[in-house]
Each structure stands twice: as structure tokens, then as C-alpha cells.
Amino acid sequence: MLPRMDAGVSLSLQEQLSEVPVLSIAPFPALIRYPLVRAVLTAAELAHPEWGAFPTLPAWRLMLSWVLGLDPIRAALLAEDTWDPVGRSLRPRTAVRQPERVGFANLERYQRLFDWLRGYRPGPSLAAFFQQFFADHLASVIASPQDQELLRVLMEAAQRFRQAFPAEGDPAFLAMIRSGQTPSSSRFEPDYSRYLVVATPVAYINRGLEADYQFWFDITSPSWSRSLWHVLYNSRVLTPEWDGEVFDAGRDLQARQRILARTLLNLCCRTQKGLWLVRSNFNYRGEENTSILDYLILKGLKAMAAVG
């Protein structure tokens with residue numbers, strides 16, 4: 001297992017271990033990458049005007065396409081006639097200028113959707129909204145097992161968020177999903193216990209995998225912890241929780257150390273019999289490796305030895 005995915009390592013293992021099936025995995029794509037999830041989040045924002053959120057025209061068009069089963073042209077016509085960017089509200093069916101082009105049956109379904117969104121009363125949880133919206137509007141449209149699985153994962157993510165952050169409101173959960181921080185999963189995944197898995201730490205942890213033995217190579221490689229500095233922005237600075245101090249080299253080092261510490265703890269909790277960490281003094285170019293992870297592990301070992 002490597003800090004970055006390397007196809008060559010996977011192929012080499014397959015050649016040398018011909019009797020053992022080797023499976024390479026990559027991180028799950030974020031939930032927000034799926035159009036269905038974006039459509040459901042748009043519906044949640046419209047059904048909760050107290051959040052003060054309002055969808056963009058593309059988001060509203062995408063939702064109409066999914067919920068009403070419209071082709072792109074009819075969805076665009078209906079979205080442009082019913083979307084009011086100035087008043088930050090949705091116009092009713094009567095605002096459609098050419099109803100014959102959209103289709104009268106589609107307009108009737110749109111009116112039912114409009115009335116449902118305006119008449120919705122917030123329930124006990126956002127997961128309950130997802131479930132009710134699916135039952136009332138998506139059950140007859142979505143037949144794909146993968147789409148049904150996406151909605152299930154979205155509802156489970158909402159429940160876990162509520163348990164982990166009871167003081168946070170539902171808009172914070174939607175913001176997290178839209179930021180791409182929450183990965184998706186699938187019930188079509190293979191039985192990983194039957195394979196020798198080659199993965200990155202992020203993919204291994206996000207899949208919820210556990211193994212009797214873990215081998216992590218190149219812990220001295222800087223690829224384990226890249227700098228959080230960006231040319232124009234920094235994801236940790238552009239948050240309401242930031243204290244306003246300059247994100248200098250010291251703050252960058254502290255943030256990377258915290259991330260690595262959590263990663264290492266997750267890996268330790270997901271092994272049963274043993275975990276091997278392989279060090280290398282030089283990279284493939286002959287340059288000296290300087291990894292924070294290697295430093296943290298050695299520091300921890302020295303502290304344990306001193307206590308013992």
C-alpha cells in the first residue's frame with residue numbers, strides 16, 4: 001500500500017503473486033459528483049426557505065430534469081420560465097410562456113412538485129426529508145440500483161453527521177456534501193477479504209476496510225503529507241472557524257501533523273495482527289526523503305521507550 005497509487009506496483013504484484021488475486025482501489029468519488037445527489041440537495045434547499053439558500057439556474061434545471069424526467073431542452077425551457085433570480089423565488093406554472101413546448105402533463109407534475117416544496121414542513125431530520133422526497137417524487141423515476149444506493153448513502157451520511165455534530169444545523173451538512181468531502185460507496189464492491197489490496201491511505205480508510213496485515217511503503221516519502229499552501233487560497237483559512245492568523249510555515253506544519261496523526265490512528269485501528277511501515281532513505285531519483293510521518297513515528301517510539 002502506497003501514499004500515491006502506482007499502477008506499476010500493482011502489475012508487479014500480480015506477476016509475482018500469480019496465485020493471489022490482487023485488487024487495486026482508488027478513492028471513492030465524492031457524492032456531489034452524482035447529478036442525482038445534486039438534485040436532491042437542491043430540493044432540500046427549496047423546501048427549507050429558513051436556510052436562506054437559493055439554487056442556481058443550472059441546479060434548478062438539473063433538478064427538474066431528474067424529478068420530472070424531462071429531456072434537456074424541456075428542462076431548460078421550464079427552468080428559465082420558473083426561476084426568478086431577482087426575487088430569489090420560483091414562479092408557478094402560470095409563468096410558463098410556451099406551455100405546449102414543455103408539455104401540459106409535465107406542467108401538471110411541475111405544479112405538484114412546486115406545491116410540495118412550498119408546503120413542506122421541516123421534519124425531525126434531514127434524512128427524513130430525503131426519504132420522504134424519494135417516496136413522493138423519485139420512486140417512480142429511479143429504477144437503477146446504483147441510484148437507490150446513492151440515496152441510501154446520502155441518508156446514512158446525514159444521520160452520521162447529526163450524531164457527530166449535534167450542535168450543527170442541516171445547512172452545514174449540505175455545505176459539507178457540496179464541498180466534496182463526503183465520499184460515496186457502493187454495494188457492488190467486491191469482497192475485499194479475498195484479495196491482496198493495493199490502495200492509498202485515503203481509499204483504504206474511506207472504504208472502511210480492515211485487514212489482518214497492513215504494509216505501508218515509503219513512509220519517508222513527502223507524498224504522505226503535501227503542503228496545504230495554495231497560490232490563491234487555502235481551504236483551512238477560508239472557513240468561519242479560522243482565527244485570522246497568517247497561515248505561515250509553522251501553521252502549515254501543525255496542520256499536516258494533525259492530519260497525519262489521524263491517518264495513522266485510523267490505520268492502526270483497522271488492522272488485526274500486524275502493521276509494517278517501510279522506510280526508504282532516498283526516493284527513486286536518489287534524493288533524500290524527508291517525511292513528517294516518519295518523524296512522528298520515530299518521535300512516538302522514543303516517547304514510548306522513555307516511559308517504559
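This is a predicted model: local features need pLDDT of at least 70, side-chain atom pairs count only at pLDDT 80 or more; totals for chains, interfaces and linings use all residues.
Colleague: How many helices and strands in the protein?
Modeller: There are 12 helices and 6 strands. Helices (H or I, at least four residues) and strands (E, at least two) are DSSP runs, numbered from the N terminus.

Colleague: What percentage of the residues is buried?
Modeller: Of 308 residues, 38% count as buried. Buried is under 20% relative accessible area, exposed is over 50%, and partly exposed is in between (1.4 Å probe, protein chains only).

Colleague: Which residues have the most contacts inside the largest nonpolar core?
Modeller: Trp60, Met63, Leu78, Phe129, Phe130, Phe133 and Phe173, in a core of 52 residues. A nonpolar core is a set of buried Ala, Val, Leu, Ile, Met, Phe, Trp, Tyr and Cys residues joined through side-chain atoms within 4.5 Å.

Colleague: Which helix gives the largest share of this core?
Modeller: H2, with 9 residues. Apart from this core lies another of 17 residues, among them Val197 and Trp224.

Colleague: What does Met63 touch?
Modeller: Leaving aside neighbours within four places in sequence, Met63 is in contact (heavy atoms within 4.5 Å) with Ala39, Thr42, Ala43, Leu46, Leu68, Leu113, Leu117 and Phe133.

Colleague: Leu113 is in H6, I see. Which other residues of H6 are buried?
Modeller: Besides Leu113, the buried residues are Asn106, Leu107, Tyr110, Gln111, Phe114, Trp116 and Leu117. Their cover includes H2, H3, H4, strand S3 (89-90), helix H5 (99-102) and H7.

Colleague: What span should H6 have?
Modeller: Its 16 residues should span 22 Å at 1.5 Å a residue, and the end C-alpha atoms are 22 Å apart, which agrees. The expected span is 1.5 Å times one less than the number of residues.

Colleague: Changing topic, how many salt bridges does the structure hold?
Modeller: It holds 8. A salt bridge is a side-chain nitrogen of Lys or Arg within 4 Å of a carboxyl oxygen of Asp or Glu.

Colleague: Which residues are linked in a network of them?
Modeller: Glu149, Arg152 and Glu156. Arg152 pairs with Glu149 at 2.2 Å, N to O, and with Glu156 at 2.3 Å. Arg152 and Glu149 are 3 residues apart in helix H8, about one turn, and Arg152 and Glu156 are 4 residues apart there, also about one turn.

Colleague: Is Glu149 buried or exposed?
Modeller: Glu149 is buried, at 5% relative accessibility. Arg152 is partly exposed at 32%, as is Glu156 at 31%.

Colleague: Which residue forms a salt bridge with Asp252?
Modeller: Arg256, with the closest N and O atoms 3.2 Å apart. Asp252 and Arg256 are both buried.

Terms used: Residues are numbered from 1 along each chain as its sequence is written. Side-chain values use heavy atoms; hydrogens and water are left out.
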